[in-house]
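Subject: A structure for you to look at

Hello,

Here is the structure I promised to pass on. Please open it alongside this note, and the findings follow below.

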Amino acid sequence: MNKFKAVFFDLDGTLIDSEYFYFQNWQPILAEEFAVHITFEDWIRHFAGHTLAFNVETMRKIWNIDTTNEYMWKRTRAAYAQSDMRTIALMPYAKEILEHLKEQQVKIGLVTSSFMTTVDTVLGHHDLLSYFSLIVTRDDVQSPKPDPEPYLLAAEQAGLDPKDCVAIEDTITGTKAAKAAGLYCVGVSKQPLEREKLAVADQLFTDLREVWNYLKNNIS
């Protein structure tokens with residue numbers, strides 16, 4: 001295996017501890033407007049790592065909820081604004097791993113299904129935007145993860161062959177995208193449900209400190 005020339009990070013659940021934030025905002029909407037009561041485990045099982053359009057379709061398939069992407073966009077964005085996304089914490093060791101990679105002069109990319117507004121709000125608040133030499137968001141692609149387009153675009157922007165890049169992902173959705181694009185994929189999650197799905201990743205770790213211990217011997 002060649003040493004990696006670029007490291008591409010997912011955002012939600014990988015660099016920022018956002019899944020519980022999203023659950024806390026979706027759960028009351030589902031309960032109050034559609035009489036559907038979900039647990040955090042339900043959120044991880046059915047919603048985590050997916051786009052809003054996918055989640056709306058999940059609502060229809062599982063609970064027969066008849067709503068639209070536009071409506072859920074407005075409702076969830078209003079809830080996020082009220083909750084203040086700047087309160088979302090970084091995942092343990094997120095800043096440290098970015099600092100280590102920057103010191104090693106490795107290209108660092110962000111590849112996310114979130115929109116740039118979310119990236120600016122959260123990573124801007126934590127002063128992390130400057131670490132990334134490229135950022136690919138939902139705004140930049142026609143087909144988000146699990147389609148390979150986001151990672152293919154990131155590799156193109158980095159001027160690298162996908163096989164020279166490694167993706168860091170916490171969900172099967174992103175892992176499928178990275179693998180389909182020809183990248184090596186490192187899974188990272190402490191969630192039992194996600195870890196079961198992430199068995200298809202090339203490596204699987206519990207946290208970003210473990211990821212760094214792996215990467216420091218595998219970057220050029």
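How many salt bridges does the structure hold? It holds 8, where a salt bridge is a side-chain nitrogen of Lys or Arg within 4 Å of a carboxyl oxygen of Asp or Glu.

Before the details, a word on the source. This is a predicted model, in which local features need pLDDT of at least 70 and side-chain atom pairs count only at pLDDT 80 or more, while totals for chains, interfaces and linings use all residues. Residues are numbered from 1 along each chain as its sequence is written, and side-chain values use heavy atoms, with hydrogens and water left out.

**Salt bridges**

Side chains of opposite charge can pair when their charged atoms come close.

K145 pairs with D10, with 3.0 Å between the closest N and O atoms. K145 sits in the loop between β3 (134–136) and α7 (149–158), and D10 in the loop between β1 (6–9) and α1 (19–34), so this pair ties together parts that are 135 residues apart in sequence. (Helices, H or I with at least four residues, and strands, E with at least two, are DSSP runs numbered from the N terminus.)

K145 also forms a salt bridge with E169, at 2.7 Å from N to O. E169 belongs to strand β4 (residues 165–169), while K145 is in the loop between β3 and α7, so here the parts tied together are 24 residues apart in sequence.

Are these residues buried or exposed? K145 counts as buried at 5% relative accessibility, D10 is buried at 7%, and E169 is buried at 1%. Buried means under 20% relative accessible area, exposed over 50%, and partly exposed in between (1.4 Å probe, protein chains only).

Another salt bridge joins the side chains of K163 and D164, at 3.7 Å from N to O. K163 is partly exposed, with a relative accessible area of 46%, whereas D164 is buried at 9%.

**The sheet**

The 6 strands of an open sheet follow the order β3-β2-β1-β4-β5-β6, with parallel pairing; two strands pair if DSSP finds at least two bridges between them. β3 and β6 (203–205) are at the edges with a single partner strand each, so one side of each has no neighbour in the sheet. Inside the sheet, β1 runs parallel to β2 (residues 107–111) and is joined to it by 4 bridges. To see one of them, look at F8, whose bridge partner in β2 is G109.

**Pockets**

A pocket is an open set of points on a 1 Å grid over the protein atoms alone, where a 1.4 Å probe fits, with protein on both sides within 12 Å along at least five of seven lines; lining residues have an atom within 4 Å of a point. A volume is the space filled by probe spheres set on the points, which are joined across faces, edges and corners.

The largest pocket has a volume of about 530 Å³. Its lining has 34 residues, with H50, T51, L52, S113 and S114 nearest the centre. The largest share of that lining, 6 residues, comes from α4.

The second largest pocket has a volume of about 330 Å³. Its lining has 20 residues, and G13, D17, M91, K190 and Q191 lie nearest its centre. The elements giving two or more residues to this lining are α1 and α2 (40–46).

Enjoy exploring!
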